[in-house]
Amino acid sequence: MENEQELLEALSNCDIGELTEMMLLLEDEVSGNLKDCLTAYDLEQLEVIASNLLDGSEFMNLSKGKLIEKIVKEIYKLLENNLASLPQEILEDIEKLIKNPNYKIENKYLLAIGLVFGYYDEDDNVIYYIPEDVKQLFEQNISKEVKEDSLTSQIELYIQVGHICYGIVPKQELLYLADSNNKKQIEEILKKRAEEQETIKKGKEEFYLPLATSVPEELKGLEITPILLPMKTLVFYCMRLMSDLKRIEEVIKNVEDDFIEKATRALVTEPKKVSELVDYFSKIYSLNLKNALKLQEIIESMDYIRYWSLGGRTIEEEKALSYYLPQQPSDTSLKTCLKGLPKDKLEELTKRYDVTSLEELEQKIIEYFKENQEELLDVDPLEFLDLDHENYEEMCCDPLLITRGCVFVYQTKNAKKLLIPAEIKTELKIYNEEYEEEQLNLDLEGYINIYLYSNGVIPKKVLQQILKEHHGFKYTIKELDELVKQEEGKSIKDYYSIAFDRFNEDMQALINEKERHPYKIAKEKDYGFLSLMGHFHDDLEDALTDTSFKDELISTIIYMLHYGLFDETFLKEFVREQHVSIPKNTWKELISVIKKYKNDIPLWPRNGYSYKELNSQSKAKKVGRNEPCVCGSGKKYKHCCGK
């Protein structure tokens with residue numbers, strides 16, 4: 001790949017999964033040519049495909065017919081000239097589907113770019129279909145050379161993102177791209193590239209250096225053992241780093257062609273002080289004070305950097321490794337775990353919590369975890385418990401949990417394992433018991449509030465049916481009208497709403513989107529999100545203490561998050577339009593508060609599911625439409641939550 005723009009484009013296509021499939025699956029069978037199949041999509045679905053094929057400006061505000069024409073033209077161009085740009089597994093999926101119409105494709109990117117369509121058959125099984133003209137063009141243009149070029153590009157991409165993350169790429173790790181059928185093919189490609197692809201040896205292992213005209217000397221000298229991260233982690237990290245490098249480039253301006261490569265080396269080779277990095281760039285590019293301060297702000301926010309000298313770990317991850325216990329403790333009490341720490345690390349913890357005794361330290365750690373567990377845990381508390389005795393090298397837990405004494409790493413013969421102390425597990429049980437207490441007291445009004453505030457708009461008959469079938473409350477629509485009114489909801493035509501006062505185009509648009517997705521069936525613990533929204537509102541108010549038009553701004557933020565449309569640039573523009581100035585520190589605190597809560601806020605277009613829940617669903621096994629519904633109603637999924 002010749003430059004960072006190509007890399008960014010390649011990375012952006014690497015992670016389209018289950019959520020895309022959910023959006024693009026059709027209820028009815030499709031057949032015929034590409035244009036016939038595309039006609040079955042509504043405008044919003046077509047825009048999903050267009051966003052993966054075209055620049056934003058190319059499809060905005062187009063009619064359905066014009067949009068289909070543009071998509072068809074772009075897909076034909078891809079099949080005739082750029083097949084090698086598709087990853088190897090995608091080409092294999094297409095070939096398998098052509099040979100076997102019952103084949104279940106694995107790569108959902110095929111749906112996202114309109115090469116394949118998915119629909120439900122009479123038995124509610126998903127069938128994948130390749131349009132006739134797409135099939136013909138593919139068969140005409142696929143060749144051994146195209147497949148080899150595709151695999152070569154994939155290898156190069158992995159080496160490139162691996163280099164950005166941890167400097168050198170283990171040759172053995174490249175075989176993760178392969179199954180038993182193409183290991184030999186990968187080795188042949190690498191052999192052909194031997195002159196360009198320089199390698200170094202460390203012990204018995206061989207590592208690839210980046211594709212570059214000159215290999216950085218500082219890289220050759222590093223004595224490191226790279227960790228092996230999943231491709232998704234590498235991709236996400238590289239996209240974030242590239243984005244921040246572009247921000248730095250905008251501050252510096254008038255940079256040379258190899259700026260991204262040089263800046264990457266300066267930032268990721270080994271940890272440096274922010275002041276050192278600012279001085280480095282300031283001297284080379286003669287930055288004035290204003291731009292130097294802008295640069296400092298960007299670099300200070302880059303605490304996620306993975307350093308070559310640390311084998312691809314962040315500073316916090318590397319620090320966590322030094323907290324390991326030399327062996328598995330005799331029991332799982334916090335006291336025993338703390339006593340097993342190296343002496344200097346126990347002293348660090350004691351100073352960090354500003355205590356003098358082991359008993360005080362135990363108490364402070366428990367208090368810290370109790371106060372910060374929502375921020376520290378990126379999984380459900382019960383899922384977190386499943387990490388006990390799992391391999392730490394898989395990076396499945398926040399290193400802050402380790403460097404703050406909430407979780408420990410102990411050494412076994414072959415690996416470093418996680419250990420969650422008994423007292424921390426107890427705190428998680430208390431956390432769940434608090435919700436159990438709410439369950440006992442949750443009445444009809446509680447459920448109505450959950451459905452109103454987590455949906456924004458909900459059809460009256462849907463709410464009536466859910467309350468009856470899932471919660472045992474039997475009420476007429478007239479009775480529900482009165483109950484909803486008491487809870488400050490609005491009755492508008494055939495809908496209840498807390499987002500609108502009257503029926504309008506925006507309300508209709510939200511209703512149209514909601515009809516495409518299942519409704520989340522509330523559990524008693526979901527009532528906790530109302531208090532979460534209260535905390536969110538309070539934190540926003542605290543952050544905006546000295547800001548005029550505070551109420552309007554908070555309302556706008558909350559609505560954006562409920563719609564799943566939060567965008568910092570748009571929010572800045574909204575503030576600017578109000579002719580209001582928000583101090584930089586206030587803005588930083590505001591964005592920090594939003595990031596803390598946004599993944600837990602129910603999305604109205606997705607009928608009450610949060611981003612966190614949707615991401616969890618995408619990782620879980622998909623429920624078949626004829627299988628029992630996950631909500632426990634006893635009905636088939638297709639007749640319940642899968643409607």
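## A pair within helix 6

Glu74 and Lys77 are three residues apart in helix 6 (residues 64-81), so about one helical turn separates them. The model is a predicted one. In it, the side chains of Glu74 and Lys77 form a salt bridge, with a distance of 3.6 Å from N to O. A general point applies here: side chains of opposite charge can pair when their charged atoms come close.

Glu74 has a relative accessible area of 21% and is partly exposed. Lys77 is also classed as partly exposed, at 36% relative accessibility.

## The chain as a whole

The chain contains 643 residues, of which 47% count as buried. Its secondary structure comprises 32 helices and ten strands. The chain exposes about 33,900 Å², and carbon and sulfur atoms supply 47% of that area.

Contacts across the sequence complete this overview. Among contacts between residues at least 6 apart in sequence, 62% join residues that are at least 24 apart.

## A pair within helix 13

Another salt bridge joins the side chains of Asp244 and Arg247, at 2.8 Å from N to O. Asp244 and Arg247 both belong to helix 13 (residues 231-252), where they lie three residues apart, about one turn of the helix.

Are the two partners buried or exposed? Asp244 is buried, its relative accessible area being 7%; this value falls under the 20% limit for a buried residue. Arg247, by contrast, is partly exposed, with a relative accessible area of 36%.

Which residue forms a salt bridge with Arg516? The partner is Glu44, and the closest N and O atoms of the pair are 3.4 Å apart.

Arg516 is partly exposed, with a relative accessible area of 24%. Glu44 likewise counts as partly exposed, at 35% relative accessibility.

The pair also belongs to a network of salt bridges, which links Glu44, Glu513 and Arg516.

Terms used. Residues numbered from 1 in each chain as written. Predicted model: local features only at pLDDT ≥ 70, side-chain atom pairs only at ≥ 80, totals over all residues. Heavy atoms only, no water. Helix = DSSP H or I, 4+ residues; strand = E, 2+ residues; numbered from the N terminus. Buried < 20%, exposed > 50% of the residue type's maximum accessible area, 1.4 Å probe, protein only. Contact = heavy atoms within 4.5 Å. Areas by Shrake-Rupley, 256 points an atom, 1.4 Å probe, with all protein chains shown as cover. Salt bridge = Lys/Arg side-chain N within 4 Å of Asp/Glu carboxyl O.
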